[in-house]
Amino acid sequence: MSEKTETTLGMMRTGDSGVVSHMTGGRNMINRLDALGIRQGKRIIKLSSMFMKGPVTIKFDEVQVAIGYRMANKIVIKLD
Amino acid sequence: MKILLMGNPNVGKSVIFSRLTGIQVIASNYPGTTINYTQGFMTIGQEKAEIIDVPGTYTLEPTSEVEQIALNMLNTGDVVINVIDATKLERNLYLTLQLLERNIPVIIALNMWDDTKHRGINIDVEKLKTYLGVPIVPTVALTGQGIKELAESIPKAVSADFPVSTRDSRWTSIGNIIDHVQAITHRHHTWLERLGDASVKPISGGVIALVVLAISFIVIRFIGEGLIRYVFDPVFQNLWMPVLMRISDFIGGGLLHDIIIGRIIGGDISFLESFGLLSSGLYVPFAMVLPYIVSFYLVLGLLEDTGYLPRLAVLMDSVMHRFGLHGYAIIPALLGFGCNVPAVMATRILESKKEQFIAATLISIAIPCAALQAMIMGMVGSHGFQYVIIVYGTLLVVWIILGVILKYMVKGYSPELLIEIPPYRLPPWRTVLQKLRIRSYGFLVEAIPIILGAIIVVNILYSLHVFDAIANITAPVVTGILGLPKDAVTALVVGFLRKDVALGLMAPLALSSKQLVIGSVFLAMSFPCIATFVVLLRQLGFVNMLKSFVIMISAALITGGLLNIIL
């Protein structure tokens, strides 16, 4: 069995799923994400990412959220 | 009694508000439609209760200006109706738990109840009641289902008095509740969901955006021109003209004739050029502008209610970052094509002061409102559609250049995009038509008094030769830089009142195509109309308004001057 790999939401491939492992951003960013329901342990699927460092769209439960590129790179995901 | 409607953004608070109070408010399918509170009244038993539609918030620990407003309102209320999107129970319960920790009676509306069935979500309402200890009513605000029961249950609202908790323990409790009350069965993706996914992917999303915008433009023009050509113009020419002729003969001549009927041009009354109360004063708002207001707001309402706009924001995000904004700024910008007033107010959905300043300034400068656009279509368009394209093209280039400059000049930070994307919905006709009615009516009651007032004042000032004096003073700028006849200053001054009348005033000047293009661009860019000026002042404060004003005037003069040289 191979170790589960970690990557950032920005680097993750479209269509892959995983669990939020931790976030490397500041307190304000963590608060805003938490309010939207994105927190440690949440299982998410990456729906898309836009070119030219555009936002990443993810889905969890019945919720879809678009996250700016730089912020997406501060969210670390443990891939399935 | 003061009842607060609170909940996450885009859960249907405004629709419930409208159902409970009978007051028609604007509701759309994107987070942040309500940025200021709306109040209304309903009767409960014998008592008259005040209801407040509070802007949406995810948490009572505010992370934005709008959430701070929501929190401040909570401290003034007697009862909270917590509106929950039943399809996103887990996330919505976070705010609910925070509300239940407050010492205030709460009742829950489990809205979008019909959607849970389509999505294979099964919620045990009775069990949820025992966990939360407050009344819960499933509702479908759009159809009105459950609203009566909700209203009747308001007196049963109770304070749950949950102990004040921490974030982690709230999420733990929510996890526990969800495990026991909600079951999800697997289901296949609907075509709307597939379309939703496709519209946020780079290539398919770009194609969809182009198709949507092209269709929108074609439909707006088709309906607008259709209404003018087959309804309003014939009514004015065939029915109203004979009446006007009789009144004109009756009055004879003089200043009174100029004010009421307007000047006789080549032996005839001209609806556009005569500039009297009963000629241009009615023809401009009803036959030139209203058709485009109706067609624009119909299409905008459909776009708002399908849930497409947040997806457009995702697509435009990297482009908007070049201007110190993020993708969500596309929503105020689109609203600006209708009227700059709600557009400037909507800049409040942007988080930082920097973004708000840039967005408000760019909108005032480079986004012509529907009234001005209708006049551009009518007057510039009659010289050839290529001139209309030059006007829009110039404004687009101005937006881009000025946006890049402002990004580096304005201090402050530009936050990242972080938005929830609502599911696509088939637009409910009720809310689409309701919005169309509110907005069209709003145009008429706000525009007509100003248009008629402007006509009276301009006619009196003409007869006193006031404009001749002004024209001579401003001639170096108006003629020297912009290449317009010196009399055009009247139109530019009136532009501060209303842009549609202002462009109308250029009609009798027999301008060349080039001059019309410059006049239109200058009117769009220079000072905002008085209504926009007031909201800009309120939104930005005096100092920033002044800065914005200087930017507007300099940009308008530079652009007008350049056009005069290039064209």
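## Close-up views of a predicted two-chain model

**View 1. Polar contacts link chain A to chain B.** In this predicted model, 14 residue pairs, with both partners at pLDDT 80 or more, are in polar contact between chain A and chain B. On the chain A side, the elements that each supply at least two residues touching chain B are H1, strand E3 (43–49), strand E4 (56–60), strand E5 (63–67) and helix H2 (69–72). H1(A) has the largest share of that side, with 7 residues. Sorted by class, the side of chain A that touches chain B comes out as 15 nonpolar, 9 polar and 10 charged residues.

**View 2. Here is the whole contact between the two chains.** Chain A brings 34 residues to the contact and chain B brings 35 residues. Together, chain A and chain B bury about 3000 Å² between them. Carbon and sulfur atoms account for 55% of that buried area.

**View 3. Salt bridges also run between the chains.** Side chains of opposite charge can pair when their charged atoms come close. Across all chains the structure holds 24 salt bridges, and the count between chain A and chain B is 6. Take Lys42(A), whose side chain meets that of Glu90(B) in a salt bridge, at 2.9 Å from N to O. Another place to look is Arg70(A): its side chain forms a salt bridge with the side chain of Glu416(B), at 3.0 Å from N to O. Arg70(A) sits in helix H2 of chain A, while Glu416(B) sits in the loop between helix H17 (385–409) and E11 of chain B, so this pair joins two chains.

**View 4. Now for the largest cavity.** Rolling a probe the size of a water molecule over the atoms shows where empty space is left. The structure holds 5 cavities of 30 Å³ or more, and the largest has about 450 Å³ of space in it. Its lining is made up of 24 residues, and those nearest the centre are Tyr58(B), Ser64(B), Ile349(B), Glu351(B) and Leu418(B). Both chains take part: helix H1 (27–35) of chain A, plus helix H2 (65–74) and strand E11 (418–421) of chain B, are the elements that give two or more residues to this lining. By class, the lining of the largest cavity has 12 nonpolar, 6 polar and 6 charged residues.

**View 5. The second largest cavity comes next.** Its volume is about 140 Å³. The second largest cavity is lined by 14 residues, with Lys59(A), Gln64(A), Arg119(B), Glu193(B) and Pro423(B) closest to its centre. What gives the most to this lining is helix H8 (residues 191–198) of chain B, with 4 residues. Split by class, the lining of the second largest cavity has 5 nonpolar, 3 polar and 6 charged residues.

Key:
Residues are numbered from 1 along each chain as its sequence is written. Chains are lettered from A and ligands numbered from 1 in the order in which they are written. This is a predicted model: local features need pLDDT of at least 70, side-chain atom pairs count only at pLDDT 80 or more; totals for chains, interfaces and linings use all residues. Side-chain values use heavy atoms; hydrogens and water are left out. On a 1 Å grid over the protein atoms alone, a cavity is a set of points where a 1.4 Å probe fits but cannot get out, and a pocket is an open set with protein on both sides within 12 Å along at least five of seven lines; lining residues have an atom within 4 Å of a point. Grid points are joined across faces, edges and corners, and a volume is the space filled by probe spheres set on the points. Ala, Val, Leu, Ile, Met, Phe, Trp, Tyr, Cys and Pro count as nonpolar, Asp, Glu, Lys and Arg as charged, and the others, Gly among them, as polar. Contact means heavy atoms within 4.5 Å. Buried area is the accessible area (1.4 Å probe) that two parts lose on being put together, summed over both. A salt bridge is a side-chain nitrogen of Lys or Arg within 4 Å of a carboxyl oxygen of Asp or Glu. A polar contact is a pair of N or O atoms within 3.5 Å; within protein, one must be able to donate a hydrogen and the other to accept it, and residues adjacent in sequence count only if both atoms are side-chain atoms.
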